[in-house]
Amino acid sequence: MAGDSDVPENNLFCVNCAKPANLQCPKCMNLKLPRAGSAFCSQECFKSSWSSHKSVHLKAKLSSPDTQNSGSLSEGWLYCLKSGQAWTPKLPYFDWTGSLRPSPISKKQIVPDHIDKPDWADDGIPKIEPNSVLQYTVEVKTPYQIERMRETCHIAREVLDAAARIIQPGVTTDEIDRVVHETTIAAGGYPSPLNYNFFPKSCCTSVNEVICHGIPDARKLEDGDIVNVDVSVYYKGVHADLNETYFVGNVDEESCQLVKCTYECLEKAISIVKPGVRFREIGEVISRHASMSGFSVARSYCGHGIGELFHCAPNIPHYARNKAVGVIKAGQTFTIEPMINAGVWRDRMWPDGWTDVTTDGKRSAQFEHTLLVTDTGVEVLTGRLQTSPNVFPWLNS
Ligand SMILES: [Zn+2]
Ligand SMILES: [Zn+2]
């Protein structure tokens, strides 16, 4: 294990990979949180743990007596996330990068008692996941784990397909969320994003310039939009995770190219997956294909291991010259989920603490699958079915 031969002077180890750590999360320092929980070995580890690490800040703010002057999360957002109540945003001052704005969010959905829930379902805080050794060792799944992952991934695919079928101009992303929520529960599953680090909805819906983690709200989809729906399901103790980007009505030529190119980036990445290939190769393949079309690769979010944990090792960057360590082995399960931008790769987070947008306001598309490495290649656990709706023109032969 990393760190047992060389204990660093400061005695701190990376929260993400357990290597000796010299960086501190600036937000944790502002909030005067314990140094051990906010140490990182590199910018890369810091960025890749951000989506789970930031719950530490939120937790600190929620338990602090005055949450008024506590950084970028506005009071209203804190209230909404904490209480699960519906909320209409008073738009805070923010240098919005494109034309999209937040709309009202409906109140938190109920999950019936008979559904088996992950440990964040009640209080918003994942407990097993951030402390697991699986954050820095890549698990090889047992046949029983694999069998359950196949089942859960099949359900998640059907849930995403149900969402895809209702997409058209005039439909709100909140209505998409309701379909995802109800279809997941009807299948006996729990929608993994619901209350994960206080995320208020059952899926992510990312419209136009949103790179990922958009919150379903009352905005009606407009003719010409693109919308990514990211679905994750927890069933029989394991998670599945997939997403697709859809066209709303008639979409301009550049956006069609962007979505098609992103689809191809994922296909090309999957085609190299087999035992012995380095994780860092995946980003090379994606980056090469995206830049051929003049597009860029978002860098702040990565593919991830998945199974009994929603997010774990390996961390799989989608960009070139990344420093991901390790070699692919049979029995591993992980996602690949490239986010490809029409303009620059840089991103910015909205004051809601979730919605990540392009800094130039240009569009971003994404596709994601959960994969199982086999002895000779890969099985796409969330692959399309005979019944999947025919929504991508390039799949018609
Ligand atoms: Zn996903
Ligand atoms: Zn994912």
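The questions and answers below explain how terms are applied to this predicted model.

This is a predicted model, in which local features need pLDDT of at least 70, side-chain atom pairs count only at pLDDT 80 or more, and totals for chains, interfaces and linings use all residues. Residues are numbered from 1 along each chain as its sequence is written, chains are lettered from A and ligands numbered from 1 in the order in which they are written, and side-chain values use heavy atoms, with hydrogens and water left out.

Q: Which residues does UniProt list under "binding site"?
A: The unreviewed UniProt entry lists Asp241, His304, Glu337 and Glu368. These four span 128 residues in sequence, yet no two of their C-alpha atoms are more than 10.7 Å apart, so they gather at one spot. UniProt positions are given in the numbering used here, feature names are shortened, and annotations may be inferred rather than shown by experiment.

Q: Why is Asp241 called buried?
A: Buried means under 20% relative accessible area, exposed means over 50%, and partly exposed lies in between (1.4 Å probe, protein chains only). Asp241 has 3% relative accessibility and therefore counts as buried. By the same rule His304, at 6%, is buried, and so is Glu368, at 1%.

Q: Where are Asp241 and His304 found among the strands?
A: Asp241 is found in strand 7 (residues 238-247), and His304 lies in strand 9 (residues 303-305). Helices (H or I, at least four residues) and strands (E, at least two) are DSSP runs, numbered from the N terminus.

Q: What makes the pairing of the Asp241 and His304 side chains a polar contact?
A: A polar contact is a pair of N or O atoms within 3.5 Å; within protein, one must be able to donate a hydrogen and the other to accept it, and residues adjacent in sequence count only if both atoms are side-chain atoms. The side chains of Asp241 and His304 make such a contact at 2.9 Å.

Q: Which protein atoms are donors of the zinc ion (ligand 2)?
A: Donors are N, O and S atoms within 2.8 Å of the metal (3.2 Å for Na, K and Ca); water is not among the atoms, so sites may look incomplete. Asp241 (OD), His304 (NE2), Glu337 (OE) and Glu368 (OE) coordinate the zinc ion (ligand 2) at 2.1 to 2.3 Å.

Q: Why is the arrangement around the zinc ion (ligand 2) called irregular?
A: Four donors count as tetrahedral if all angles lie between 85 and 135 degrees; four count as square planar and six as octahedral if opposite donors are over 155 degrees apart and all others between 65 and 115; anything else is irregular. The four donor atoms here subtend angles of 78 to 157 degrees, which makes the arrangement irregular.

Q: What are the protein donors of the zinc ion (ligand 1), and what makes their arrangement irregular?
A: The donors are Asp230 (OD), Asp230 (OD), Asp241 (OD) and Glu368 (OE), lying 1.9 to 2.5 Å from the ion. Their angles run from 57 to 155 degrees, so the arrangement is irregular. Asp241 also bridges the zinc ion (ligand 1) and the zinc ion (ligand 2), which lie 3.3 Å apart.

Q: How many salt bridges does the structure hold?
A: The structure holds 14 salt bridges. A salt bridge is a side-chain nitrogen of Lys or Arg within 4 Å of a carboxyl oxygen of Asp or Glu. One of them joins Asp123 and Lys127, whose closest N and O atoms are 2.9 Å apart. Asp123, at 35% relative accessible area, is partly exposed, as is Lys127, at 34%.

Q: Which residues form a network with Arg157 and Glu244?
A: The side chains of Arg157 and Glu244 meet in a salt bridge (3.1 Å, N to O). Salt bridges that share partners join Arg157, Asp161, Glu244 and Arg384 into one network.
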